[in-house]
Amino acid sequence: MGRSIAFGRYFPGDSILHRLDPRAKLVSSIALIVSLFVAKNLWILLITGLLTCAFVRFSRVPVKELLRSLKPILFLIVFAFMIHLITAGGDVLWTIGPLKITMQGIRQGSMMAVRLCLMILLSTLFLTLTSTPMMIADALERLLAPLAKLKVPVHELAMMMSIAL
C-alpha cells in the first residue's frame, strides 16, 4: 500500500486521531499552526514538534507517508532558509562574495524551516491523512454555521473547501 498513497489522500484507520471529531481537528490544527508563527523561541517549536510526534504515534499513520507531504514544498523550505540566512544582520561568520552569513541568519532560517515543516506535517496529519474531504467540509460548515445569519454562503464555502482538498 505504501506507494499507492498520494499526497493529501485519506489514510484509512481506526486510531484516536481518526475518530476525533473533525471540528476539533480543524480548530486544533489552526491553533497549533498559529502558535508556530507566534513562537519567538526554539522551546515553543520544540514542544510543538514533540506534540506532532505524539499525534503521529496516535494516528498510526506511517511516518514515511507523512513525510511525503513535505516533498512538494521542499523548494519553499530551502528558499525560506536561504533568504533568512543571507538577509539577517548580526555577527558575520562567513563571507561568500557579496553574501554575508550570520549566526542570526542561521538561527532565523532554521526556525522558519522548522515552522514550515511542522505546519505542513500538522495540517496533513489532521486534515488529509486522518479525515476525508467530506468530513472536513462538514466540520467547516458546522463551525461556520453562525455566519449564515449574516447571509454568508456557508454551504458553498464548505463545498469549495471540499473540492480544493
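Select Lys 151 to start: this residue sits in the loop between α7 and α8 (154-164). Helices here are DSSP runs of H or I with at least four residues, numbered from the N terminus. Lys 151 has a phi near 70°, a positive value in a residue other than glycine. Its relative accessible area is 75%, so Lys 151 is exposed. Exposed means over 50% relative accessible area, buried under 20%, and partly exposed in between, with a 1.4 Å probe and protein chains only.

A word on the model before moving on. It is predicted, so local features need pLDDT of at least 70, side-chain atom pairs count only at pLDDT 80 or more, and totals for chains, interfaces and linings use all residues. Residues are numbered from 1 along each chain as its sequence is written, and side-chain values use heavy atoms, leaving out hydrogens and water.

**Next stop: Arg 60**

Select Arg 60, in the loop between α3 and α4. Its phi is also positive, near 60°, and the residue is not glycine. At 62% relative accessibility, Arg 60 counts as exposed.

**Back along α3**

Arg 60 follows α3, so step back into that helix. α3 has 18 residues and spans 25 Å from its first C-alpha to its last, close to the 26 Å expected at 1.5 Å a residue. That expected span is 1.5 Å times one less than the number of residues.

Go to the N-terminal end of α3. Asn 41 caps it, with a side-chain oxygen 3.0 Å from the backbone nitrogen of Trp 43.

Now colour the buried residues of α3: Leu 45, Thr 48, Gly 49, Thr 52, Phe 55, Val 56 and Ser 59. Look down the axis: these residues fall within an arc of 120°, so they line one face of the helix. The arc is taken from the directions between the helix axis and the C-beta atoms. On the other side, Trp 43, Ile 47, Leu 50, Cys 53 and Arg 57 are exposed. What covers the buried residues? The cover includes α1 (16-19), α2, α4 (63-67) and α6.

**Into the core**

Select Phe 55, Leu 66, Ile 77, Leu 122, Leu 125 and Phe 126. They have the most contacts inside the largest nonpolar core, which has 29 residues. Such a core is a set of buried Ala, Val, Leu, Ile, Met, Phe, Trp, Tyr and Cys residues joined through side-chain atoms within 4.5 Å. α2 (22-38), α3 (42-59), α5 (74-87), α6 (103-129) and α7 (133-144) each supply at least two residues. Which helix gives the most to this core? α6 does, with 12 residues.

Centre on Leu 66. Beyond its neighbours within four places in sequence, Leu 66 is in contact (heavy atoms within 4.5 Å) with Val 56, Leu 121, Thr 124, Leu 125 and Leu 129.

The whole structure holds two aromatic pairs. Rings of Phe, Tyr and Trp (its six-membered ring) pair if their centres lie within 6.5 Å; planes under 30 degrees apart are stacked, over 60 edge-to-face, the rest tilted.

Show Phe 55 and Phe 126: an edge-to-face pair, 5.0 Å centre to centre, with 85° between the planes. Phe 55 lies in α3 and Phe 126 in α6, so the pair ties together parts 71 residues apart in sequence. Both are buried.

Then show Phe 75 and Phe 79. Their ring centres are 6.0 Å apart and their planes at 20°, so this pair is stacked. Phe 75 counts as exposed at 64% relative accessibility; Phe 79, at 44%, counts as partly exposed.

Conventions:
Polar contact = N/O pair within 3.5 Å; in protein donor to acceptor, adjacent residues only side chain to side chain.
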